[in-house]
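Please look over the structure below before reading the numbered points. They are written for someone new to reading models of this kind.

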Amino acid sequence: MNKVSDHLFPIWRGARVPQGWSWRLGGAIWEVGGLAGAERAPGFDCPVWCVLCRGGREWLQDACQRGRGAFRLPTDMLSIRLPQLFDMHQVPKVFREDGIISGYRHPRSSALDCILSSFQMTNETVNIWTHFLPTWYFLWRFSILCSTLSFLTDSYTWPLLVYMLVICLYPFTSSCAHTFSTMSPEACHICYFFDYGALSLYSLGCAVTYASYVMPEPWVNSWLHQHFIPIAIGNSLFCTSMSCYSRFLEMQFPHRSKILRIWAFVFPFLFDNIPLFYRLLLCLGGSCSHTEALSSHCYHLLFAFLTCFLFASHLPERLAPGRFDYFGHSHQLFHICAVVGTHFQMEAVLADMTSRRGYLISQGAMPSFLGTVGALVLGVLLNLGIIGLFSASLLRTPHLSTQSSTTTTIASSTSTSTSTLTHSSSTCHSNPGVSLPHPAELKED
Ligand SMILES: [Zn+2]
């Protein structure tokens, strides 16, 4: 029996074990076998109950204490201090959202703080992830298409290539905008300028795809078909310009700003979908063809309507301010609906592309490089130019630095210290030639 227990529980065998073993733990040497003379550890000559009876309890406590000390990591490594969050009235107006009361990040966060904040529960966290994760979903779908289609050699697939690029770009840009928007009021505006630019490129990508795959049969090679993409480029520039400009109106004319921004996106959406609306109309009239994609198109339209409604209505947080600060506010739902709608749109485009290939090629409606990739490159360059102009206007807008300098004092309810957030406009340069008001200044208290 003794032999069996010795094999099962060698730690209790102690000095009687000829081939003893030991290890060093935090300075305490636990020697189980082969100990010599006076340094033998007490208590390991017998089972645990015996160890405890013979004063081994003190020795064990001592060993544990010393072991704990040896394994203690630097305090800074274990205690992760999450940045403090603020309430609506504690941050400059530029960062405030209707119906969102708490969970605001520091309005002068560093880039690292912004990245880390995506792992902290703030009122932006879900906004960040609801567009970051779908980016990877669309990239995954894109990679599968890359392995099954020949984007380099088959010109029929170029519109799809453009579309896949923009549907990966817009959620990623949006995710970045939500992540870094709290670096400063100016950074907030510039981040959303890029967000709007990416959305307007998405509208251009949709136009390229719809012109190539969705155009109803009576309109193939018509005047509208041939001018669809140049008009869409113009719409994209209009969309970016109006949506960026709307940020300059937001404080003085909030309703006008909101309406302007909504129409900036609704207008290109309506234009892009003219071919689809006509196809649906033809179907209602009984002359349907290539119906494989129509159900997905309808789901996309439904989610697009929901997206627009959520963006415009600020529901549900408008009905219960403060209740949806972290989960369930309209912008999160807006992101989700936009992504789900894009998923259905992608499925519809793929179905149309596959089922209408023979018909469209027989009509000589092959996409050109200029009308697809060329249009996207032109759209990117022109949109970057517009964003650059608005960003320069924002940074050079005349600032009465001494008068417009504002201070928001944040008294922490949980901390004994009181930190002061100072937003000074003194970094902006005076430029009397620019007539746009400074949004950051307008939105300050
Ligand atoms: Zn967003």
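Of the 445 residues of the protein, what percentage count as buried? The figure is 47%, where buried means under 20% relative accessible area, exposed means over 50%, and partly exposed lies in between (1.4 Å probe, protein chains only).

1. Basis of the note. This is a predicted model, in which local features need pLDDT of at least 70 and side-chain atom pairs count only at pLDDT 80 or more, while totals for chains, interfaces and linings use all residues. Residues are numbered from 1 along each chain as its sequence is written, and side-chain values use heavy atoms, with hydrogens and water left out.

2. Confidence. pLDDT is the predictor's confidence in each residue, from 0 to 100. The protein averages 77, and 71% of its residues score at least 70. Residues 1–51 have a pLDDT below 50, and beyond near neighbours in sequence this stretch has 62 contacts in the model. A contact means heavy atoms within 4.5 Å. Residues 399–445 also stay under 50, with 96 contacts beyond four places in sequence. Where pLDDT is low, the predicted coordinates should not be read in detail.

3. Overall make-up. The protein has 16 helices and 4 strands; these are DSSP runs (helices H or I, at least four residues; strands E, at least two), numbered from the N terminus. Of the contacts with a separation of 6 or more, 72% join residues 24 or more positions apart.

4. Annotated spans. An unreviewed UniProt entry gives "transmembrane region" for several spans, including residues 158–180 and 293–312. UniProt positions are given in the numbering used here, feature names are shortened, and annotations may be inferred rather than shown by experiment. In the model, residues 158–180 are 100% helix and 0% strand, with end C-alpha atoms 33 Å apart. Residues 293–312 are 95% helix and 0% strand, and their end C-alpha atoms are 29 Å apart.

5. UniProt, in an unreviewed entry, lists His 178, His 331 and His 335 under "binding site". They span 158 residues in sequence, yet no two of their C-alpha atoms are more than 11.5 Å apart, so they gather at one spot.

6. His 178 is buried at 3% relative accessibility, whereas His 331 is partly exposed at 23%. Leaving out residues up to four places away in sequence, His 178 touches Arg 105, Glu 124, Asn 127, Ile 128, Tyr 192, His 331 and His 335. With the same exclusion, His 331 touches Asn 127 and His 178.

7. Nonpolar cores. A nonpolar core is a set of buried Ala, Val, Leu, Ile, Met, Phe, Trp, Tyr and Cys residues joined through side-chain atoms within 4.5 Å. The largest has 48 residues, and Tyr 163, Tyr 202 and Met 346 are among those with the most contacts inside it. Helix H7 gives the most to this core, with 11 residues. A second, separate core of 18 residues includes Phe 95, Cys 188, Tyr 192 and Cys 244.

8. Leu 301. This residue is found in helix H11 and is buried, with a relative accessible area of 17%. Beyond four places in sequence, Leu 301 touches Phe 269, Asn 273, Leu 276, Phe 277 and Leu 280. Asn 273 is 28 residues from Leu 301 along the chain, and their C-alpha atoms are separated by 9.2 Å.
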